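Could you take me around this structure in the viewer, telling me what to select at each stop and what I will find there?

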Amino acid sequence: FPWIPPPGSAPITDFGASPTKSAVDNQAAIQAALDTLPPLKSVGIPPGIFRTGPLVVSKSKTWITGPGEAAVLKAEPSMYIPNQSVGGSTLRTIGGLTEVVMMDFALDGAGTDTCFGITVRDGTDAIVQRVTAYEWFGVLSQRARGLNVQRNGPSSAGPFRNVSFLNCVTRRCQIGYVMHWSNTHIAGCIAQDAPMDGYYIDGLEGRTTLVGNTAIRCNRAGFNLIVGWFNTLRQNRAEACATGIQIYDSRGNLVEKNIVVDGTISEGITLRANAIENVLRENIVIGQRGGGEGIFVFQPGTRDNLVEGNECYLNLRNGIFSNGAGPNIFRRNVSFNNGKGGGVYGGIAFRDSSGNVIGGAAGDGNRCYDDQPVKTQAYGVITSGTSTNNVITFNDLRGNRDGAFLLVGSNEVHDNLT
């Protein structure tokens, strides 16, 4: 069926844009549409591949709409500035705009170097919905992004407010989605085949929310929080990523009811490098290969975190592993049938980790077991190295291959089912 522009829209072809014209001509035509159409009158992108240079959205109530992936804004590499949001984004907002909507079109970045599909910045309220971005790579640096929310340097008034990515898709972008110092809501999105991260979140007090998103085959992390505070990751899925979810030097984040499956290189969920006061709750971590830990808590300064009610099973090594971290609380977790790579691994294991609580009170205990015909999980709880002053109480550790415990160091151990 032919594309019919939505009521109140004007297609960019009315301003002279055409799939047969040069990127210079299309850039001028599309920019004219963005600059001259009145508020709430949509800039329509018809089906076709429109080569263009960077474009700027400078007015509130700007709507940009198309019929879906058949409408493509194709970046002309020679017109882009590498490693810069200014001059390096196909669509970039400037000024504190409101009611900016971009929906139902695609952004092709093939051939650009460290550039971005969409950049929302300067405190703009925006909705980006059903937009597909692909082939945004970087050679100059590792910062190429499909969809990007970015604070405008330390002198800006950020963080941002009310930026939403809804049902968007990124494919083969170096990083699919970046939320930098931003209040962003991301729901129902997909990041696929990213050489680095599917979703990257940083910035103090960003308060980004990710709900119901998917990361597939991302070579660093499906979801990567770095120096991020008070963000929420809920009901997301990471599949065949190097690490499913990484919480790095971040504070006060809630990570709950996510599914991490079939990790390829590192761990399912990682708390590391001064990760403080985060909550990992009711996540499911299955079949991690590579590094092999289901949940990995490590490095000095990673403390005061709550790991609660998670299920970890069929992982290559330990279901939950703490290395050099603490104090943290581990309670109500179920860790079973781990150690699939062979060797001596446990449901919950500690190396050089002190002051942790494993269980701690009646009703808070962990359940660690192996119910396979050929058992692979050696012990329920393992401590090694300099692990001392841990409280290991009220856990159910029956049914493992070699026993309930393999303990080293002075720890408080009682009221466990063995």
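Select F165, Y177, Y199 and F223: together they form one aromatic cluster. What you see is a predicted model, so treat the tour as a walk through a prediction.

**Aromatic pairs**

A pair of aromatic rings is described by the distance of the centres and the angle of the planes. The model has ten aromatic pairs. In the pair of Y199 and F223, the ring centres are 4.6 Å apart and the planes meet at 5°, so this pair counts as stacked. Now colour the strands. Y199 belongs to strand β19 (residues 197-203) and F223 to strand β22 (residues 221-228), so the pair ties together parts that lie 24 residues apart in sequence. Both Y199 and F223 are buried.

Next, select F296 and F321. Their rings also make a stacked aromatic pair, with 5.5 Å from centre to centre and 5° between the planes. F296 sits in strand β31 (residues 295-298) and F321 in strand β34 (residues 320-323), so this pair ties together parts 25 residues apart in sequence.

For a ring with a charge over it, select W229 and R251. R251 lies over the face of W229, at 5.8 Å from the ring centre.

**The largest pocket**

To see which elements give two or more residues to its lining, highlight β37 (346-351) and β40 (379-384). The largest share, three residues, comes from β37. If you colour the lining by class, you will find eight nonpolar, three polar and four charged residues.

For the largest cavity, select A33, L34, L37, P38, P39, L40, K41, V43, K59, K61, T62 and W63, which line it. Its volume is about 50 Å³, and its lining divides into eight nonpolar residues, one polar and three charged.

For the second largest cavity, select I30, L34, V43, I45, L55, I64, L73 and L91. This cavity has a volume of about 30 Å³. Its lining has eight nonpolar residues, with no polar and no charged ones.

**Loops and their contacts**

Select G355, in the loop between β37 and β38 (357-359). G355 is partly exposed, with a relative accessible area of 31%. Show its contacts, leaving aside neighbours within four places in sequence, and you will find P327, N328, T388, N389 and N390. For a distance check, pick the C-alpha atoms of G355 and Q288: 67 residues apart along the chain, they are separated by 27 Å.

P327 lies in the loop between β34 and β35 (329-331). Select G326 along with P327: a cis peptide bond joins them, with omega of about 0°.

Move on to R289, in the loop between β30 (284-286) and β31. R289 is partly exposed, at 39% relative accessibility. Beyond its neighbours within four places in sequence, R289 is in contact with D262, G263, T264, I265, S266 and L316. From the C-alpha of R289 to that of V261 is 9.6 Å in space, although the two are 28 residues apart in sequence.

**Last stop: backbone angles**

Most residues other than glycine have a negative phi, and most peptide bonds are trans. With that in mind, which phi does E99 have? E99 has a positive phi of about 55°, although it is not a glycine. You will find E99 in the loop between β7 (89-93) and β8 (100-103), where E99 is partly exposed at 41% relative accessibility.

Finish with D193, in the loop between β18 (190-192) and β19. D193 is not a glycine either, yet its phi is positive, at about 60°. With 26% relative accessibility, D193 counts as partly exposed.

Terms used:
Residues numbered from 1 in each chain as written. Predicted model: local features only at pLDDT ≥ 70, side-chain atom pairs only at ≥ 80, totals over all residues. Heavy atoms only, no water. Phe/Tyr/Trp six-rings, centres within 6.5 Å; stacked < 30°, edge-to-face > 60°. Helix = DSSP H or I, 4+ residues; strand = E, 2+ residues; numbered from the N terminus. Buried < 20%, exposed > 50% of the residue type's maximum accessible area, 1.4 Å probe, protein only. Lys NZ or Arg CZ within 6 Å of the ring centre and 35° of its normal. Nonpolar A, V, L, I, M, F, W, Y, C, P; charged D, E, K, R; others polar. Contact = heavy atoms within 4.5 Å. 1 Å grid on protein atoms, 1.4 Å probe; cavity = no way out; pocket = protein on both sides within 12 Å on 5 of 7 lines; lining within 4 Å. Points joined across faces, edges and corners; volume = space filled by probe spheres on them.
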